[in-house]
Amino acid sequence: MATRLATSFREWLEARKHAVSEDKKLSKEAVVSLFIHFCFQFGASMSSVFLTLYLWRLTHSLWINGMYYVVTYAATPLAFALGGWLIKRKDRMFTYRFGIALIALFYLVVVFAQERVVDYYVLFAVFGGLASSFYWVGYLTLMYDVSTEQNRIRYLATNMIIFTLAGLIGPALAGFIIRQNDGLQGYTFVFSVAFFMFLLATIGSFKIKSKLSHHKAYYLKFTGLLMRKNKIWTGSLFGFSVLGMLQGIMLFLPTILLFQIVGREDLVGYLGVMYASVSIGTGLFISKYGREDLAKLFLLISTVGFIAGTLLIVWSLSLLTVILFMIIYSICAPLQGNTMTTHYFRLISMMPLKGQLRVESVVVREIFVNCGRVIAILILIGLSRYVGEETLPWVVFGAAIVQINLVWLLRSNEAKEAKEPKESAAPGKKLNM
C-alpha cells in the first residue's frame, strides 16, 4: 500500500512538472525564497497574532492595541526608506537578512520583557516596525528579482499559498501551546519558538547569492517628480493607500473580536486554520487561472465580497457573523492583493532607467500603504474611544466601501496606457532630473 502511494505521488509530481510550461517554471532562487518566507511567516503568524492578544490580556485596551499598530506603521515608511538605501549601497540580501535578524531579536526581547512590554509598548512598536520594514523591503525587491513577466502571477500565487500555509499552522500551534500552559507562560514559549524560526530563516537566506548593484544612486528624492510625470504609477500608489485602509484594521481587530466572543486563545488559533485553508484554495485558483485580463474582474469580486462581509457584522456582531466575515475576507483578500501586486510589478518593469527604480518603487508603495493603515486605525480607535465600540463594524464597512476605488483606478490606468503607450510603457525612457 505504502509503495503504491509513493509511486502515485511521484507520478503526480512528474505530471505537475510537465504541466507547467518552461517559461512559467520557477528558478532555484525563487524556490529558496519561498522556503525562507515560509519559515519567516511561520514564526510571524505564531507571534504577531498572539502579541495582539498578549497586549489585550495585559491591558484590555483597544486604544493601546490600536496605538501600537499606529506607531508601527508610522515608523515603517522611514525604515523602508533606510532599508532601500541599504539595498542600493549593499544588496537586497543584506537588508533582508538584517531584517530577519532584527525580528528575531525583537521577539527575544519580548521574551525577557514579559509583562513590561506594556510599559514600553511605544518603543516595542518602533523596534517592530523597523525590523519588519527591513525584512519586507528586502523581500519585495527579491520577489521582483527572482520572478519574470512570464511566471510572476504563478510565483506570487505560490508565494501566497506558502505564506498562508505557514499562517495556517502557526496560529493553531501557538493556540495549543498557550492553552497547555498557565497564565502568560504559554505566550513566552510561543515567542521563543518564533525566535527559532526567524533564526532558521536567516540561515536559509544564505542559499541566495548576493547581487551587488552597479547602480548605487538612490533616486527616492526624485519620486515626487516621477509621480507628476507618470500618472499611471501615481494612480496605483493611491490605490495601495485604499488597500491599506482595510488591511490595517484587519491585521488586529478580528483577533480581538474573536477572543472577546470565544475567550480562548486556542480557538482563535484553530479558526485561523480555517481562514488560512480558504486562502490557500483561493491561491491555488489564482495560480491556475490568474491572468492580466482578469484583473478588473478579480478586483470587482473582492470589493463586492468585502462589502457583503462587513454588512454581516454591521447587522449582528456574533461568533457566526464574525466567522462568516473572515471566511469571505480570506477569499477576497488574496484576489485583491495578488492583482494589485502583479499590476504594480508590471509597472515597475515599465518605469524609466530599465528597472533600476524597483527599490524606490517598493519604498514609495509602502509609504502609501502605511498611510492608509494609519488613517484607518486612528479613525477606528478614535471613534471607539469617544463614541463607543458599537462603531467598530461601521468603520470596517466604510473601509470596505472605499475599496471600490481600486476597480476605478485600474480601469483608469488601463485607459491611460492604451491612450499613451509610448509615455507610460517605454522601459528605456530617460528621467530628467
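I take helices (H or I, at least four residues) and strands (E, at least two) as DSSP runs, numbered from the N terminus. On that basis I counted 17 helices and zero strands in the chain.

I noted that this is a predicted model, in which local features need pLDDT of at least 70 and side-chain atom pairs count only at pLDDT 80 or more, while totals for chains, interfaces and linings use all residues. Residues are numbered from 1 along each chain as its sequence is written, and side-chain values use heavy atoms, with hydrogens and water left out.

I then looked up burial, where buried means under 20% relative accessible area, exposed over 50% and partly exposed in between (1.4 Å probe, protein chains only). Of the 433 residues of the chain, 56% count as buried.

Next I checked helix H12, residues 295-315, whose 21 residues should span 30 Å at 1.5 Å a residue, the expected span being 1.5 Å times one less than the number of residues. The end C-alpha atoms of H12 are 31 Å apart, which agrees. Among the buried residues of H12 I found Phe-298, Leu-299, Phe-306 and Ile-313.

Last I turned to Tyr-155, which lies in helix H6 (residues 152-179) and counts as buried because its relative accessibility is 0%. Leaving aside residues up to four places away in sequence, I listed what Tyr-155 touches, including Leu-26, Ala-30, Tyr-139 and Met-143, a contact being heavy atoms within 4.5 Å. The C-alpha atoms of Tyr-155 and Met-143 are separated by 8.4 Å, with the two residues 12 apart along the chain.
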